[in-house]
Amino acid sequence: MKRIIIIVVVLAILAVVGYFGYQQFLAPVEATPTPELDLSAQTILPDVVSAEGFVIPAQKAELSFQVDGQVVEIPVAEGDSVEAEQALIRLDSADQQKAVEQAEAGVVQAQAAVTSAQAALDQAMAGPTDEAIAQAEAAVQSAKAQLEQTKAGATDAAIAQAEAAVRTAEAQLEQVRAGARPEDIEAAAADMLTAQASVRQAQTAYDEIAWAGDVGDTPQAVALEQATLAFQAVKARYDALLNGATPEEIAVTQAGVDEAKAALEAVKAGSTDEAIAVAEAGVAEAEAALATVLAGATDEEVAIAEAGVSEAEAGLTSAQAGLAIAQAALADYELRAPFAGDVARVSVEEGESVSPGISVVSLSDSSPWYVETDDLTEIDIVQVAVGQPAIVTIDAIPDREFNGVVTNIAPRSEIKRGDVTYTVTIKLTDADDAALLWGLTVFVDINVG
């Protein structure tokens, strides 16, 4: 009996296990019904996207110098309206101005060289001028006349002239040996006394201002120096007259007498074969020069002249390039407005030094005004498009709304306080009469509906 009960329990267990296995693995699965969508529960996008931003000008620029230097002039002030290319700040450019002047002088010199070279080429190609021929023929005639005179010997007039030169030299020697005349010494002494009086007068005038110090360039100091130098010169002349001629002065005068006598003897002796040969060589040289002039320039000489023109023109080109570089460098010492607008900020004063690349002027063009906002998230930006209208309100002008239109959407996002944002620019279409300022806070409602 006990065995029958055990068999029944085992069969019951197997039946239960089989049932659960069937339900788990073999029983067919009923399809789950699909719920219907409730369209009334869908999210509806807003017609307006709001953001916060700032007023900005149409154009803005931070201006800096390309060179360093000291500020010498600031012809504008903050708030001034300026035209394009108007000077804003000038640096000390004295050294660069000298470089420009030197370059300009180089151009003038190069231009003169081109003119001279071109004239030489023109003359070489045109042949000899009547003036050049006349000069060469005159040189030939002069050389022939000199030859004839050399062959003919000395004339009476030449001998008389040489004798007169000897007498003059001897008279000078006697005067040097005899020394100064008494009246010359007295005149020199009087001049020295006058010069002394001038020195005393100048010294008195100088003493009246000497106490002031640093008077070296005053008229009184200059007058005293001039009077002193004049006195020293007069005294030296007086001492020379009083002491008589030195041995060196007598020797020089004696040499002049000897030279004059030798010249007289040469004139009386007549022409030598050597002198005639020299004169004949002079004629031959003059005739050869005339023949060269009449023949004109050779092909080689023309080629040389053409090369001279090319070289001079190359020098002019180089000089002009150097001038252009110097002028461009000079322009770097003056900061000019790249466009017409308003000076928003000047961050340097006269006398201060500036460095390249450091902003010294902020320039803006507020015609028209724009609004820039970087407050639109990635959820909002997908609804915004260029051309959409916008309403702009400004805390500083609470009683007025401004109309605008979206003009630009930045294609790249930025991370702002952990959020992904995009920058949008809006042009204000009716703010020309408003007293707006760069940087005012605004609130923007963009109609994206």
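Which residues are buried in helix 8? Let's take a look.

## Ground rules

This is a predicted model, in which local features need pLDDT of at least 70, side-chain atom pairs count only at pLDDT 80 or more, and totals for chains, interfaces and linings use all residues. Residues are numbered from 1 along each chain as its sequence is written, and side-chain values use heavy atoms, leaving out hydrogens and water.

## Helix 8

Ile276, Ala279, Val283, Ala286 and Leu290 are the buried residues of helix 8 (buried: under 20% relative accessible area, 1.4 Å probe, protein chains only; helices: DSSP runs of H or I, at least four residues, numbered from the N terminus). Helix 8 covers residues 273-295 and reaches 33 Å from its first C-alpha to its last, close to the 33 Å expected at 1.5 Å a residue (1.5 Å times one less than its number of residues). Just after helix 8 comes Gly296, with a positive phi of about 80°.

## Its partner, helix 3

The buried residues of helix 8 pack against helix 3 (130-152), where contact means heavy atoms within 4.5 Å. The axes of the two helices come within 8 Å and cross at roughly 165° (lines fitted to C-alpha atoms over the stretch in contact, with angles from 0 to 180 degrees between N-to-C directions). Helix 3 and helix 8 are therefore roughly antiparallel (over 145 degrees).

## Helices 2 and 9

Helix 2 (residues 94-126) packs with helix 9 (residues 299-331) at about 165°, their axes 8 Å apart. This pair is therefore roughly antiparallel too.

Definitions and conventions: Buried < 20%, exposed > 50% of the residue type's maximum accessible area, 1.4 Å probe, protein only. Parallel < 35°, antiparallel > 145°, perpendicular 65-115°, else oblique.
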